[in-house]
Amino acid sequence: MSDVARWARAVADGPVENCGWPAEYLHQARQIPLGPIADPLDSEQPLLPVDPNYLFFAGIDRLTRHLVAGLTVASSNGVSEVGGAVHRDYRAQGYGNEMLDMVCALVHRHFGIARLVAGCEATNVASQRWLAKSGFVPASGPPTHTLPNGRVIQALWWDRVDHDPELRCRRPRPRPRRRLFNRR
C-alpha cells in the first residue's frame, strides 16, 4: 500500500493529473513524501495484496529506487480492467511497454485471468499505441466514461485475451526472506 500511496503522490504532482482522481484524493496524496522506495528484501512486511480484487504493480528504477510507472488490475463482476501510467520523466523510453507486458503475463499466467479490458480517452494516441503494442485489440464498450472526479470522457475500449490462462496463485502467501550472503 505504501507503493500505491507514493504513486498517487507522484501523480498528484502532475504527470497524469487528468486521470480523473478526485481532488480530495490528490490533496491527501500531496502530503506523502516522495523519495526512493525501500527494497522489499529489507522489510519484514510480507508483500500481500490488500484486496484480491485490486492488484497494484509498481515499476521501480533499480538504481534510484524511484517509481517509474504504476499499473492496476481491478476486478469486479467478472471483468478485470487494467489501467496505469508512466511517470513523465520516464516516458518514451520503453518502461511502459515492458511493464504492461510483464503485468499482462503475470495476470494471465499466474492469477488465471483470461481477459483484460482497458479504456482510454479517444484523443489519447499514446495510450492507444501503448495498449496495441502489448497485444490489446479494439473492443466494444460505452462511448463515454465518467471518471471518479466526475469528468466525462469520450472513451475507446480495448481487450486482451489469453485462451490458456493458468492459476498458480491460489492464495497470497508471504515470501521467505532471501539471504544474500551465507552467515556463520
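Which side chain meets R109 in a salt bridge? It is the side chain of D162, at 3.2 Å, N to O. I'll come back to that pair. A word of caution comes before it.

This is a predicted model. The mean pLDDT of the protein chain is 75. Of its residues, 63% reach 70 or more. Confidence is highest in β5, at a mean of 96. Confidence is lowest in helix α2, residues 23–29, at a mean of 57. Then look at residues 171–184. There pLDDT stays under 50. The model has twelve contacts for that stretch beyond four places in sequence. Where pLDDT is low, the predicted coordinates should not be read in detail.

Now the salt bridges. The count comes to four.

Back to R109 and D162, which meet in a salt bridge. R109 lies in helix α3, residues 95–109, and D162 in the segment after β7, so the pair ties together parts that are 53 residues apart in sequence. Are the two partners buried or exposed? D162 counts as buried because its relative accessibility is 13%, under the 20% cut-off. R109, at 29%, counts as partly exposed.

Next pair: R115 and D159. Their closest N and O atoms are 3.1 Å apart. This one also links distant parts of the chain. R115 sits in strand β4, residues 115–121, and D159 in strand β7, 44 residues apart. R115 is partly exposed, at 39% relative accessibility. D159 is buried, at 13%.

E121 is in strand β4 and R151 in the loop between β6 and β7, so the pair ties together parts 30 residues apart in sequence. Both partners are partly exposed: E121 at 26%, R151 at 27%.

One last stop: S134. Where is S134 found? Look in the loop between α4, residues 125–133, and β5, residues 137–139. S134 is buried, with a relative accessible area of 2%. What does S134 touch, leaving out residues up to four places away in sequence? The list is N97, L100, D101 and R160.

Key. Residues numbered from 1 in each chain as written. Predicted model: local features only at pLDDT ≥ 70, side-chain atom pairs only at ≥ 80, totals over all residues. Heavy atoms only, no water. Helix = DSSP H or I, 4+ residues; strand = E, 2+ residues; numbered from the N terminus. Buried < 20%, exposed > 50% of the residue type's maximum accessible area, 1.4 Å probe, protein only. Contact = heavy atoms within 4.5 Å. pLDDT = per-residue confidence, 0-100.
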